[in-house]
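Please look over the sequence and the structure before reading on.

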Amino acid sequence: MKSLYLTIITTLACIIVYAQAPLITNVNARKTTSLNGKWQYIIDPYGTGFYDYRFMERKENDREAYWNSDEPTSKTDRKEHKFTDEYTLQVPGDWNSQAEKFLYYEGIVWYKKSFDFTKTNPAGKVYLYFGAANYETDVYLNGKKLGKHKGGFTPFNFEVPDSVLKATGNYLVVKVDNTRHKDEVPTVNTDWWNYGGITRDVYLVETPPAFIQDFTLHIQKGALKSTKNIPVEGWVNCTNWQSTHEVTIEIPELKIKKTFPVTGERVAVRFNLPTAQLWSPQTPKLYNVVVSTGADRVEDKIGFRTIEVAGKQVLLNGKPLFMRGICIHEEISQQVRRAYSKQDALQLLGQAKELGCNMVRLAHYPHNENMARTADSLGILVWSEIPVYWTIDFTSTEVFNKARTQLTEMITRDNNRASIIIWSVGNETPVNPVRTKFMSNLISAARSLDSSRLVSAALEVNYQPGVNKIDDPLGEYVDIVAFNEYLGWYAGLPDKCRTANWEFAYNKPFFISETGAETLGGFHGDSLTRWSEEYQEWYYREQVTMFKRMPDNFAGLSPWILCDFRSPRRNNQTFQEGWNNKGLIDQQGQKKKAFYVLKAYYDEKGLNP
Ligand code: GCB
């Protein structure tokens, strides 16, 4: 009996150790201590710090485990791992761009950070928050496992128990493994480089014992009649609240102060804004919103707008919208690294603005939080996507759950960003009933998490003799039918656009989520010469002419892509050398000729949307 009891306790302990705490959003509005900066590291391609010589996971107190001290206890003591200041990586940052030996490295790297920490409020809680780490992360503090997370592009946090945290000499060890696997999301096969590491910010976040974990506010669907008496709704999620608590929402600029009783973990809120300036690309107005209860108070800057589909049109604040978009990878090409900072966001979104864009498609995974926040303040609409890309294992429930977790983390983090108008559940997935079920279930999940935005996915074209059909059965489930087409690059020459016939199975707005041609910046020839800037320029000219004769449910486009990006699939040693060069801006940051063709189209569209 006793041993059964012990087994249950041990099993429970394991579950508790692995349980990720509910995601805290808007962390920068809280008391945080940054753990960014230099972290020591050990490259561990064989996983020796994690597995013993029988390839069994090491026990928590195993001296050889890399999460335990690397200090020999005497001069005769043997320690086969040692972190030193000679080997450090910058956090946030991918490891591949930080030393030549990491250029193509995929596998395990151990990170170590030492820190001192005293809680501001002795009764409060402390969470260890990661903006993202790619892909699988195991976190240990002072030899105790705090938890594990999978998914390379979404945030996660673990509660740090008082029993583990020390005032001085904390020893934080993080194992990051970016090995690709068939049953992960994304899977082994992508057209981008698998940058590894702790790629986004790391913070200790302090909260009161009972706190506001998360909240959202948006204009009620279908309820916007004018800029007077605007009905807004949302909810506030609470952790450890008592029923005696109340939650207050204030928007000082609009003289709003509303109080709601706490009736459970989630408090639904509804009220009217007597008047407000709506958020839009022309007027990206953000209001300071303060949510408070008992001892907790958080603030965020929120824009109010509506996005909906009416018949064949997409309406932003009730008015027809044409999306002048561009796709973006989360990469700063000139420095061959992942983008992560506000500065990076300003660079990428600034380039999109120069191109005449009012929208960006953040491909093919959730980008760092600075992107959507910067888009909010610059007035750029956003398509945000999870990496359900190409050949995911659609037959597996586990894979579905992984995709749904990433979708949930993406939506939870960015629910208050007015710029985000479309959640995308994937890209170019093969047409078959199992995939359609998988994807339509993801669409339902997105809608149940957030009914205020549109849901889509980038589909493929069904090319038939004489006609290009948009008839993927998933079109039934999405709000906007989006598809990728490369007429003139993967199929024929750009003049193919002149005779292209398009047939749409759905009476919904459609969006060209990709189109593009590859060129090596600075390489010139005539327009028939592949890889030349002139070929890409010709491609865009023909495409633009074709766009101009698209039917009236054409709601916009996001060509592929703003900047050249690394891709190990691209092995033409003269023109690619491990890069996908379909960018309108080249690896050195120079605009290619085609940039100006698209810009001219966008400038014209901007004047006459
Ligand atoms: C696509 C993919 C994108 C690729 C692009 C290309 O359709 O969605 O990830 O990078 O084509 O360059 O072929």
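Two residues are in contact here when they have heavy atoms within 4.5 Å of each other. The model is predicted.

**Domains**

According to the domain assignment, the protein is divided into domain 1 (5-207), domain 2 (212-308) and domain 3 (325-607). The centres of domain 1 and domain 2, taken over C-alpha atoms, are 35 Å apart.

**Where domain 1 meets domain 2**

On the side of domain 1, eight residues are in contact with domain 2, and eight residues of domain 2 take part in turn. The size of an interface is often expressed as the accessible area that is lost when the parts come together. For domain 1 and domain 2 this buried area is about 650 Å², and carbon and sulfur atoms give 35% of it. Of the area that domain 1 buries against domain 2, 56% is supplied by Thr 25, Asn 26 and Arg 30, more than by any other three residues.

Arg 30 also forms a salt bridge, in which its side chain meets that of Asp 296 at 2.9 Å, N to O. The interface of domain 1 and domain 2 has one salt bridge by the rule used. Between the two domains, six residue pairs are in polar contact, counting pairs with both residues at pLDDT 80 or more. The side of domain 1 that touches domain 2 is made up of four nonpolar, two polar and two charged residues.

**Around the ligand**

The ligand has 14 residues around it, and those that come nearest are Asp 191, Tyr 389, Glu 428, Tyr 490 and Lys 582. By class, the shell holds five nonpolar, four polar and five charged residues.

| Residue | Distance to a ligand oxygen atom |
|---|---|
| Asn 427 | 2.8 Å |
| Glu 514 | 2.7 Å |
| Arg 570 | 3.2 Å |

On its own the ligand has 320 Å² of accessible area, and the protein covers 97% of that area.

Methods
Residues numbered from 1 in each chain as written. Predicted model: local features only at pLDDT ≥ 70, side-chain atom pairs only at ≥ 80, totals over all residues. Heavy atoms only, no water. Domains from an automatic or database assignment. Buried area = accessible area lost by both parts, 1.4 Å probe. Salt bridge = Lys/Arg side-chain N within 4 Å of Asp/Glu carboxyl O. Polar contact = N/O pair within 3.5 Å; in protein donor to acceptor, adjacent residues only side chain to side chain. Nonpolar A, V, L, I, M, F, W, Y, C, P; charged D, E, K, R; others polar. Near = heavy atom within 4 Å. Areas by Shrake-Rupley, 256 points an atom, 1.4 Å probe, with all protein chains shown as cover.
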